[in-house]
Amino acid sequence: MNKIIIGKVIKPQGIKGEIKVDIAATDMALASKLTQVYIDDKIFKVECVKSLVNGVFVKLAGISDRNQAELLRGKNISIERDKMPKLEEGRYLITDVIGCDVLVDSKPVGVLKDILQYGAADVYVVKGTNGYKDFMFPCLKKVLVKVDTEDKKIYLKSDILEQIAVYED
């Protein structure tokens, strides 16, 4: 069984066993499509998902109070890859893009090491390689040429990247 990590339990929420979850996907609607998850190789049926401005909240079958929910704090949430809901075109699981080689004009310039999710666009954090500095850029359609999760490569347009990238000194 091939499982993938899709998130992490941040903390208990309320007194009825709900948990706040950090979903590791560029499509937060993924959470609403979940029917079952694994935590520490134990399977849980997903009873309810609420995706609100301040986070994603999940109610799992068998977790009925805050104390039980507290035991899940900091644990990874996984699903079977073959049960993964289909993502929309141009949407990717963070776990599938972290570690991808980043290429500009077909030249390798770094490896995607993190994705920051703070505002209107995800910010990709790249560890420079081959003499290139570390940099960050908002992941906008106009800078992406192609994202190939099978080959673990992200292709970028150099002219757009020059306008939007922030380089570390």
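Lysine 127 is partly exposed, with a relative accessible area of 42%; here buried means under 20% relative accessible area, exposed means over 50%, and partly exposed lies in between (1.4 Å probe, protein chains only). This is a predicted model, in which local features need pLDDT of at least 70 and side-chain atom pairs count only at pLDDT 80 or more, while totals for chains, interfaces and linings use all residues. Residues are numbered from 1 along each chain as its sequence is written, and side-chain values use heavy atoms, with hydrogens and water left out.

Which residue does lysine 127 meet in a salt bridge? Its partner is aspartate 134, at 3.8 Å from N to O. A salt bridge here is a side-chain nitrogen of Lys or Arg within 4 Å of a carboxyl oxygen of Asp or Glu. Aspartate 134 is buried, at 14% relative accessible area.

Glutamate 47 and lysine 59 form one, with their closest N and O atoms 3.9 Å apart. This pair links distant parts of the chain: glutamate 47 sits in strand β4 (residues 42–52) and lysine 59 in strand β5, 12 residues apart. Strands (E, at least two residues) and helices (H or I, at least four) are DSSP runs, numbered from the N terminus. Glutamate 47 is partly exposed at 46%, whereas lysine 59 is buried at 17%. In another salt bridge, glutamate 70 and arginine 73 bring their closest N and O atoms to 2.6 Å. Glutamate 70 is partly exposed at 34%, and arginine 73 is partly exposed too, at 42%.

Now look at the strands. An open sheet is formed by 7 strands in the order β11-β12-β7-β8-β9-β10-β13, with mixed pairing; two strands pair if DSSP finds at least two bridges between them. Because β11 (144–148) and β13 (166–167) each have a single partner strand, they stand at the edges, and one side of each is left without a neighbour in the sheet. Further in, β8 (residues 107–116) and β9 (residues 123–128) pair in the antiparallel sense over 6 bridges. Leucine 112, for example, has valine 126 in β9 as its bridge partner.

On a 1 Å grid over the protein atoms alone, a cavity is a set of points where a 1.4 Å probe fits but cannot get out, while a pocket is an open set with protein on both sides within 12 Å along at least five of seven lines; lining residues have an atom within 4 Å of a point. The search finds 1 cavity of 30 Å³ or more, and the largest cavity holds about 60 Å³ of space. Its lining includes Ile19, Val21 and Ile23. The largest share of that lining, 3 residues, comes from β2. The lining divides into 10 nonpolar, no polar and no charged residues.

The second largest pocket has a volume of about 320 Å³. Of its 13 lining residues, Lys86, Leu87, Arg91, Tyr92 and Asp96 lie nearest its centre.

Finally, how many disulfides does the structure hold? There are 0, a disulfide being a pair of cysteine sulfur atoms within 2.5 Å. For cysteine 100, the nearest cysteine sulfur, that of cysteine 139, is 11 Å away. Cysteine 100 is buried at 0% relative accessibility, whereas cysteine 48 is partly exposed at 32%.

Conventions: Points joined across faces, edges and corners; volume = space filled by probe spheres on them. Nonpolar A, V, L, I, M, F, W, Y, C, P; charged D, E, K, R; others polar.
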